[in-house]
Amino acid sequence: MALVAMLCMVVAAPVAFAADEAAATIDTGDTAWVLISAALVFLMTPGLAFFYGGMVKSKNVLSTIMQSFFIVALITVEWVTIGYTMTFGTDINGFIGSLEKIGLAGVGLNVLANGTIPELAFVAFQCMFAVITPALITGAFAERMKFGAFVVFILLWAIFIYNPMAHWVWGGGFLATLGALDFAGGLVIHILSGVSGLTICLLLGKRHGYGKLPMLPHHLPMTVLGAALLWFGWFGFNAGSALGANALAANAFITTQAAAAAATLSWVFIEWMHNGKPTILGAVSGCIAGLVAITPAAGFVEPMPAVIIGFVGGIVCYAAVAVVKQKLGYDDALDAFGVHGIGGTWGAIATGLWATKSVNPAGADGLFYGSSDLLVAQMISIVVAYALAIVGSYVLFKLVSSFMQVRVDDSEEVAGLDIVEHGERGYAQAIMTGNSLGLSAEASAMAMQSSIALSSEPDMK
Amino acid sequence: MRKLTKIDIITRSNKLEELKEALNAIGVQGMTVSQVYGCGLQKGHKEVYRGREYAINLLPQVKVETVVCEVPVQTVLDTAQKVLKTGKVGDGKIFVFDLENAVRIRTGEAGDQAIMDEK
């Protein structure tokens, strides 16, 4: 034991020394808040998995949850190897970060440039953003995409669409230079994921029976649980984006809460007037719409404008999913575009209207505080985000579909993705017959047989 | 009292909506629908939980039960087959039974009166 302890001391000594050097500029309160925020934002992706999982048919619940959960793992590895340096490495021509920090090389225990936290805390915090963004897209193509093609597409999307866009806005790229403001990711996260989702759902086509068969959420309490986890995690998302435990974080916290609440009210009331009943699915959709709308503005606006931003966000997103989607007839299954694309767009515009330097001196004054420059910059950024999302997703989708089957067969879609793609079910029947084949090694012959049976009879249920 | 016939249709659950519409169109309004599990020629599939494999051979279907007297039984059979036949294993079965009696609990009406819709 003593030997181990001594070894530890020897190993720890240089680390401790390095930490002492850094301690001059690291603020412990700020660091604690950003690390907690990172954990809060992490929880949003499993929360999203439940939010989406409750809205699909029971035969697709696992495949839907799996997509979000798997993205946590896939994108975390992508982020620490290449994503961070592409986004926050030294800027190259305003377009992309250099690869100097590949595999987090040289990050070590450095203090974040112009910050009061370790750079690794920033890496962790930003990692969670990189994770949730592609997970949001999965709502658009739920219940019909093959898992293999999904993995390849999402990885390419993270590398070639998310990383450049995040660099342009947050990593010192050309949109940052232009003066566009995006506090916690209205452009980078919500517009990008929502518009990409719309692009993919149009390319992938509607679900089997869309518009003819009822497609009801199979477990709304699960969706409410997911929305609650998202709302909770969003405090880390927005208030954590202050990168410090300070007044700005508190401002972002209260604007987040206010906007989410206002949008919940507005969605419920407009649905109540429009369809005759206030619904819980409407309430949770409204809170997400409000959270999305306030995301780019949270650290730039005062609480009262936040109420307006949320209130309008709930109405605009309701119109997008309940009216526009029905009219146009595209199958954005779980409304990734209607909530995140539209809500994000409204939030980015609203930032250009209500931002004020009295909240954040590092920000700018919006239209209602005397300057139209910011609104123009916001509009340009929105156009850029839409263009990148549409063109990028289109190209990547075509690329992936050139060598992989992207959509499940009709018969597989009818059988449900849980059994076809994952070989498991979310809800076991009370009565169930069948043979336990034992552990897979013992029973590979039988397994072969039954998987052949499955593939030779694609229409089996 | 006219002759009553009970018809059970067991088939794929995704065909339910289409079947219901087709039956409504020939005048069969009332039915009882349940989710059932069964096995037959369909072979089932493999599921794996932490390395333990199962061959699941009980598969989900729906059962539609209805009773007719005015509508000819053959019309029901033809309509159901037209809608449900894909030619693949798993299309299901139709069973036809003579029915002795029926009672509408609310009014106490019996026989054909119990199953005919009030005009």
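What percentage of the 461 residues of chain A count as buried? In this predicted model, in which local features need pLDDT of at least 70, side-chain atom pairs count only at pLDDT 80 or more, and totals for chains, interfaces and linings use all residues, the value is 53%. Residues are numbered from 1 along each chain as its sequence is written, while chains are lettered from A and ligands numbered from 1 in the order in which they are written. A residue is termed buried if 20 or more other C-beta atoms, placed from the backbone, lie within 10 Å of its own.

Chain A comprises 16 helices and three strands, defined as DSSP runs of at least four residues (H or I) and at least two residues (E), respectively, numbered from the N terminus. Two non-glycine residues of chain A with positive phi lie in loops. Glu143(A), with phi of about 75°, is placed between helix 4 (119-137) and helix 5 (147-170); Glu143(A) counts as buried because 23 C-beta neighbours lie inside 10 Å. Asp335(A), with phi near 65°, is found between helix 11 (303-328) and helix 12 (336-354), and counts as buried because 25 C-beta neighbours lie inside 10 Å.

In chain B, four strands form an open antiparallel sheet in the order 2-5-1-6, pairing being assigned where DSSP finds at least two bridges between two strands. Strand 2 (32-38) and strand 6 (93-99) are the edge strands, each pairing on one side only. Strand 1 (residues 4-11) and strand 5 (residues 59-68) run antiparallel and are joined by seven bridges; Lys6(B) has Val67(B) of strand 5 as its bridge partner.

Methods:
Buried ≥ 20, exposed ≤ 12 C-beta atoms within 10 Å, placed from the backbone.
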